[in-house]
Amino acid sequence: MAVKLKKTVVLVGMMGAGKTAVGRALAARLGVPFLDSDAEIVKAANMSISEIFERDGESFFRRKEAQVIERLLDEERGILSTGGGAYLAEGNREVISDKGVAVWLDADLDLLWSRVKHKDTRPLLRTANPLATLTEIYEARVPIYRRSDLSVKADAQFSIDDMAGRVIDVLRTRPDVL
Ligand code: S3P
């Protein structure tokens, strides 16, 4: 089904929530472009996220992230997957609500941990106790993610395609988007 989106759908939520995988499936199902802020930052810097954090620091990464999100929202309509920290910055939330619609992929901590524990790609989890760090980050962020326009509960039993379908179901409640 090829649709004409009226606004870009911005997926937000914790690392491991499935923003990239679900975003890609969703874009394919709707026949719209898939955009990914982390991938754009990596492409522009020609470095991994971990290398950017190490070399230039998190605040540099956050500045790039804000610029990329604004640019992508201006450039074309599609499905935009953001990094887990993107929705925390007030400026990003404003740009997103101005030019898009925020959909929170709401996964619980057990599911997130099961997905991120074996991966070494998240610089924020390079601590002595990554589960404790993930828990802290989760608790601090959930109240902010909750401010999203829409949310979809993620669950271990749902496939990526199920999740894409669930996002489409909530988008159907928004004639200003779909
Ligand atoms: C981050 C999440 C990462 C990436 C960076 C910071 C965060 O993206 O942007 O490591 O602050 O939660 P994912 O959510 O895609 O893992």
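This short talk covers the largest pocket of a predicted model and the ligand in it.

First, the ground rules. In this predicted model, local features need pLDDT of at least 70 and side-chain atom pairs count only at pLDDT 80 or more, while totals for chains, interfaces and linings use all residues. Residues are numbered from 1 along each chain as its sequence is written, and side-chain values use heavy atoms, with hydrogens and water left out.

Now the pocket. A pocket here is an open set of points on a 1 Å grid over the protein atoms alone, where a 1.4 Å probe fits, with protein on both sides within 12 Å along at least five of seven lines. The largest one holds about 760 Å³ of space. Its lining has 36 residues, and Met15, Gly16, Lys19, Thr20 and Arg122 are the closest to its centre. A lining residue has an atom within 4 Å of a point. Helix H1 (19–30) is among the elements that give two or more residues. H1 gives the most, with four. By class, the lining has 16 nonpolar, ten polar and ten charged residues. Gly counts as polar in that scheme.

What sits in the largest pocket? The ligand does; to sit there, more than half of its atoms must lie within 2 Å of the grid points. Around the ligand are 13 residues, each with a heavy atom within 4 Å of it. The closest are Lys19, Asp38, Arg62, Gly84 and Arg141. That shell has five nonpolar, three polar and five charged residues.

Next, the contacts. Lysine 19 has a polar side-chain atom 2.7 Å from a ligand oxygen. For arginine 62, a side-chain N or O atom is also 2.7 Å from an oxygen of the ligand. For arginine 122, the distance is 2.8 Å. The protein covers 94% of the 380 Å² of accessible area that the ligand has on its own, by the Shrake-Rupley method with a 1.4 Å probe.

Note on methods: Points joined across faces, edges and corners; volume = space filled by probe spheres on them. Polar contact = N/O pair within 3.5 Å; in protein donor to acceptor, adjacent residues only side chain to side chain.
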